Amino acid sequence: MEDIMFSLNSVWLVLGALLVILMQGGFILLEAGSTRMKNAGHIAGKTVFTFGLASIVFWAVGYGFIFGGNSNFFIGLSDFFYSGEQAEGMAYSTAAFFMFQLAFAGISLTIAFGGFAERAKLSAYLVFAILFSVVVYPVVAHWIWGGGWLAEHGKQDFAGSTVVHLTGAMAAFAATILLKPRIGKFNKNGTSNNIFGHNQVYTALGVIILWVGWFGFNGGSTFVVDDGFFGFVALNTNLAAGAGAVAALIISWMVLGKSDIPTILNGALAGLVAITASCAFVETWAAVLIGFVAGILVFYSVKFFDRLKVDDPIYALSVHGAAGVWGTLSTGLFATPELATVGKPGLFYGGGFSQLGVQAMGVSVSALYAFVVSFALLYAMKKVMKGLRVSEEEEIIGLDVSEHGNYGYPEAFIANEEKNRIAN
Amino acid sequence: MPYSQIKKWREDKWEEHQYSSHDLNVFHDEVMKYVFDASLQKHIAEFGPVPCRYAWFVMGSAGRFEQAIISDQDHGLIYEEKSDETKRYFLSLGKELSDGLNEVGYPYCDGNVMSSNPVWSRSLIEWEEQLLKWLTEESFESIRFLLIFYDARVLMGEETYGKNLKKLIHDYVQRNPHLLDRLLENTQHFKKAVGIFHQFLTESHGSHAGSIDLKQSGFFPYVNNVRLLAMKESLEATSTLTRLNELSSMSNYKENLSWCADEFEKLLQYRLQYHKKTTENYDDIHYLNIKELNKNERKDMKHILLNGQKLQNYTQSVIKGTIET
């Protein structure tokens with residue numbers, strides 16, 4: 001029986017890893033669809049390439065930093081260049097667990113790169129992929145999931161609202177500040193322009209792939225299949241995503257007078273990000289509420305960053321950042337005594353403010369760490385690499401050509417080039 | 001008088017006429033008439049005397065006697081005799097006119113609604129044929145043209161030409177009232193500027209962020225719906241205000257429309273008052289930044305905008321026959 005459970009758990013973890021890795025495909029569509037044609041090939045290609053790079057770094061040091069023994073305040077210090085060996089007493093294949101964790105590290109990095117979109121040099125992606133995967137992500141992950149000090153406080157973050165989403169969003173925030181807005185995003189009089197994405201269908205398809213992938217992200221985070229608890233996690237996940245989409249539609253319709261599609265898509269994602277921390281700890285009605293609040297929050301957060309003149313092309317700061325914070329705090333409100341296997345019940349279940357306090361502390365310290373360290377790294381890169389950003393000319397012709405020498409949509413552009421040649 | 005001189009005179013006199021919409025439009029008429037005379041003299045000197053009787057009419061906001069300080073040109077020609085010679089003559093006169101108006105300060109019409117375009121410069125008989133075609137075709141484009149023509153106001157030449165063509169439309173509409181339903185559909189959609197919490201729905205992005213589009217959200221509901229009711233009642237007037245006053249004096253509309261003229265007049269006044277401050281770019285002139293309004297003015301503006309929506313609903317029920325008039 002133990003053997004069967006071991007196998008089933010391992011299958012479940014690998015399935016989870018597959019779903020989470022598939023989310024990279026969701027991000028490709030989401031990001032490419034929300035940006036312009038001239039950068040589409042670049043966005044698709046860099047996502048695959050940086051995930052590859054992050055995988056190798058995770059194998060070499062990331063995994064050891066998070067889960068290794070002999071740990072200090074920041075990181076663990078064993079299991080580097082992970083050999084695939086089975087850890088004693090684990091109820092599932094350690095290699096499967098490794099794969100699952102690797103997929104998460106990759107997602108956090110891809111979220112961070114949302115803040116780079118349409119203007120960063122390819123070399124900046126390369127260098128930051130390594131630095132983020134070595135210095136930023138593993139520390140937060142170790143603190144909360146690897147037995148670090150926040151884990152000891154009973155910080156609840158079931159599948160990573162803080163660890164994965166907020167950490168990525170904070171790096172994205174640092175990047176948007178240092179990269180500055182895209183050409184044409186803000187006017188001299190302070191108003192902002194909408195730089196429309198080139199394919200709303202891609203963006204929506206990206207959201208659906210992410211939505212489905214999230215069942216691996218959250219459901220897989222049960223690690224084990226006993227008593228089918230992952231089914232309940234999946235149920236909460238879906239409810240929050242739905243509520244987020246509905247809330248976003250309602251708020252955009254009420255405030256703007258029209259139901260804005262990018263807002264609806266952001267709402268679904270915000271619901272998913274928010275429920276990520278709390279999906280295993282709250283009842284279904286709370287999942288609906290958490291998703292609903294996230295859908296409204298993301299709408300105002302997008303407006304807020306726009307007003308701050310932060311150019312966030314794919315709304316990473318709002319979807320993963322603002323919703324990540326809310327999701328993490330939400331368990332401090334709604335965690336039930338029966339479900340809170342980590343930490344204590346929330347404020348509304350007689351737990352008082354103690355769990356909410358832990359959540360607030362965890363989320364602030366993690367966010368601060370991710371932001372400060374990412375900012376410092378990117379700042380140093382900016383100095384050493386003589387800028388993180390492509391030249392104005394390159395930005396205008398697009399990164400497909402400037403960084404890769406080839407168009408994502410060759411027919412659309414080469415035909416124009418020929419016409420111009422003939423006209424000249 | 002050469003165009004440059006008219007232009008200078010217009011610029012000099014300008015200030016005096018920007019305080020009331022009526023005054024301003026009397027002034028616009030005067031300027032446009034001068035331009036017409038100048039074009040005509042220039043054209044006669046080059047191509048000989050006018051071959052037959054004609055009428056020059058303006059449309060759009062000029063036709064409705066509600067031009068803003070800056071407004072583009074919309075105009076057409078009707079001439080008595082149909083021949084290749086008259087066609088050539090009046091088309092080149094139309095070209096001269098458009099150039100002249102542009103030089104004096106009325107930018108060319110993006111939609112090419114100008115006497116230099118054969119669609120808007122025709123003999124009387126061709127105009128009759130064309131209007132009947134537009135009336136029966138009921139395509140998107142023909143309806144648009146018909147609605148544009150319906151605001152035509154003869155500025156120079158034979159006023160009866162305009163009246164007769166207008167009568168043709170009225171007769172057709174009386175016989176085929178269903179056309180009004182089709183016209184209604186064409187003008188139903190407009191950009192809402194007040195949301196369900198009675199908040200302003202301003203532009204969120206672009207250089208007009210924080211502004212409402214006064215043309216689309218403010219003027220369109222009034223202008224379009226009043227035009228439809230005028231057509232239903234076969235009114236000859238082209239000005240929205242006059243149309244409203246005439247409608248309100250009819251017993252069947254009195255109750256529902258008596259408030260409307262005041263609201264529209266206020267709208268004209270707001271545009272005049274606040275556009276003096278904005279740049280002289282034609283695109284900018286349609287936008288009103290609500291930050292420039294004080295508390296009372298905001299309240300007033302919301303009222304005007306909401307009443308536009310109310311007028312729209314009312315017109316809809318009148319045309320669809322759910323309200324007896």
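**Briefing: a predicted model of chains A and B**

Chain B contains 13 helices and six strands, where helices (H or I, at least four residues) and strands (E, at least two) are DSSP runs numbered from the N terminus. Chain A, by contrast, has 15 helices and zero strands. The model is predicted, so local features need pLDDT of at least 70 and side-chain atom pairs count only at pLDDT 80 or more, while totals for chains, interfaces and linings use all residues. Residues are numbered from 1 along each chain as its sequence is written, and chains are lettered from A and ligands numbered from 1 in the order in which they are written.

**Overall dimensions**

- The radius of gyration of chain A is 21 Å, close to the 22 Å that the globule rule gives for 424 residues, so chain A is as compact as a globular protein of that length. The radius is taken over C-alpha atoms, and the globule rule is 2.2 Å times the number of residues to the power 0.38.
- Chain B has a radius of gyration of 20 Å, which agrees with the value near 20 Å for a compact globule of 325 residues.
- Along its principal axes, the C-alpha trace of chain A spans about 75 × 50 × 35 Å, and that of chain B about 65 × 50 × 35 Å.

**Annotated regions**

- In an unreviewed entry, UniProt lists "domain: Ammonium transporter AmtB-like" at residues 11–409 of chain A. UniProt positions follow the numbering used here, feature names are shortened, and annotations may be inferred rather than shown by experiment.
- Residues 11–409 of chain A are 68% helix and 0% strand, with the end C-alpha atoms 39 Å apart.
- For chain B, an unreviewed UniProt entry places "domain: Protein-PII uridylyltransferase N-terminal" at residues 21–139.
- That stretch of chain B, residues 21–139, is 55% helix and 11% strand, and its end C-alpha atoms are 34 Å apart.

**The two domains of chain B**

- The domain assignment divides chain B into domain 1 (3–176) and domain 2 (182–319); such bounds come from an automatic or database domain assignment.
- The C-alpha centres of domain 1 and domain 2 of chain B lie 25 Å apart.
- Their contact takes 24 residues from domain 1 of chain B and 20 residues from domain 2 of chain B. Two residues are in contact if their C-beta atoms, placed from the backbone, lie within 7 Å.
- On the side of domain 1 that touches domain 2, helix 2 (21–47), helix 6 (140–150) and helix 7 (159–175) of chain B each supply at least two residues.
- Helix 7 of chain B gives the largest share of that side, five residues.
- The residues of that side of domain 1 comprise 11 nonpolar, five polar and eight charged. Here Ala, Val, Leu, Ile, Met, Phe, Trp, Tyr, Cys and Pro count as nonpolar, Asp, Glu, Lys and Arg as charged, and the others, Gly among them, as polar.

**The sheet of chain B**

- Four strands of chain B form an open sheet of mixed pairing in the order 3-2-1-4; two strands pair if DSSP finds at least two bridges between them.
- Strand 3 (121–123) and strand 4 (153–157) of chain B are the edge strands, each pairing on one side only.
- From one strand to the next, the twist averages 25°. Axes are lines fitted to C-alpha atoms, for helices over the stretch in contact, and angles run from 0 to 180 degrees between N-to-C directions.
- Strand 2 (residues 75–79) and strand 3 of chain B pair in the parallel sense over three bridges, and Ile78(B) stands opposite Arg122(B) in strand 3.
- Helix 7 of chain B lies across strand 1 (54–58), strand 2 and strand 4, running at about 70° to strand 1.

**Contact between the chains**

- In the model, 10 residues of chain A are in contact with 10 residues of chain B.
- On the chain A side of this contact, three residues are nonpolar, seven are polar and none is charged.
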